[in-house]
Amino acid sequence: MVEKNFQPGSLALKILQASLLHVPFEGWKNDTLLAGAADCGYDAESVHLAFPLGAVDAIALHSRVADETMVEAFLALPERPDKVHLMIRALILIRLEHAQQDKDAVRRSFAVLAKPANIKLSAKLLYETVD
């Protein structure tokens, strides 16, 4: 499974970013990852190395990138709230604002994560976001 602390510019991140253009049309599938990899000059073996579990790993990475983006945007705020409930509110609004950019990818990821085989990962990703 994709590591929580991913490296910017990594193979997995490059393929994920290229694949996001295909997700609204094809959904989260291995074919989507292959198309994204082809767009940035990688082959099927690279996809397998970056995402051993296929689209499920890509969804996990996408969620973790969104978490990282949310925290960075919050820390970059010129005036951060001091009260916990206002911090949580700000973080949620930032996360939702950034999710708008990839709303089809987010929407389609719910269908994959709702499958019984992926419930454990779904709960883990939710916990990581909340944490």
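Between which two helices does the loop that holds His22 lie? His22 is placed in the loop between H1 and helix H2 (23-26), where helices (H or I, at least four residues) are DSSP runs numbered from the N terminus. This is a predicted model, in which local features need pLDDT of at least 70 and side-chain atom pairs count only at pLDDT 80 or more, while totals for chains, interfaces and linings use all residues. Residues are numbered from 1 along each chain as its sequence is written, and side-chain values use heavy atoms, with hydrogens and water left out.

**Two buried residues**

- His22 counts as buried at 18% relative accessibility, buried meaning under 20% relative accessible area with a 1.4 Å probe and protein chains only.
- Not counting residues up to four places away in sequence, His22 touches Gly27, Thr32, Ala35, Gly36 and Asp39, a contact being heavy atoms within 4.5 Å.
- Arg64, which is placed in helix H5, is also buried, with a relative accessible area of 4%.
- Arg64 and Ala18 are separated by 46 residues in sequence and by 17 Å in space, C-alpha to C-alpha.

- Leaving aside neighbours within four places in sequence, Leu16 is in contact with Trp28, Phe51, Ala58, Leu61 and His62.

**Packing of H1**

- The axes of H1 and H5, as lines fitted to C-alpha atoms over the stretch in contact, with angles running from 0 to 180 degrees between N-to-C directions, come within 10 Å and cross at roughly 95°.
- H1 and H5 are therefore roughly perpendicular to each other, a term that covers angles of 65 to 115 degrees.
- Ala12, Leu13 and Leu16 of H1 make this contact with Ala58, Leu61, His62 and Val65 of H5, and the residues divide into six nonpolar, one polar and no charged.
- The axes of H1 and H3 come within 7 Å and cross at roughly 105°, which makes H1 roughly perpendicular to H3.
- Ile15, Ala18 and Ser19 in H1 meet Thr32, Leu33, Gly36, Ala37 and Asp39 in H3, and the residues of this contact divide into four nonpolar, three polar and one charged; here Ala, Val, Leu, Ile, Met, Phe, Trp, Tyr, Cys and Pro count as nonpolar, Asp, Glu, Lys and Arg as charged, and the others, Gly among them, as polar.

Methods. Angles under 35 degrees count as roughly parallel, over 145 as roughly antiparallel, 65 to 115 as roughly perpendicular and the rest as oblique. Buried means under 20% relative accessible area, exposed over 50%, partly exposed in between (1.4 Å probe, protein chains only).
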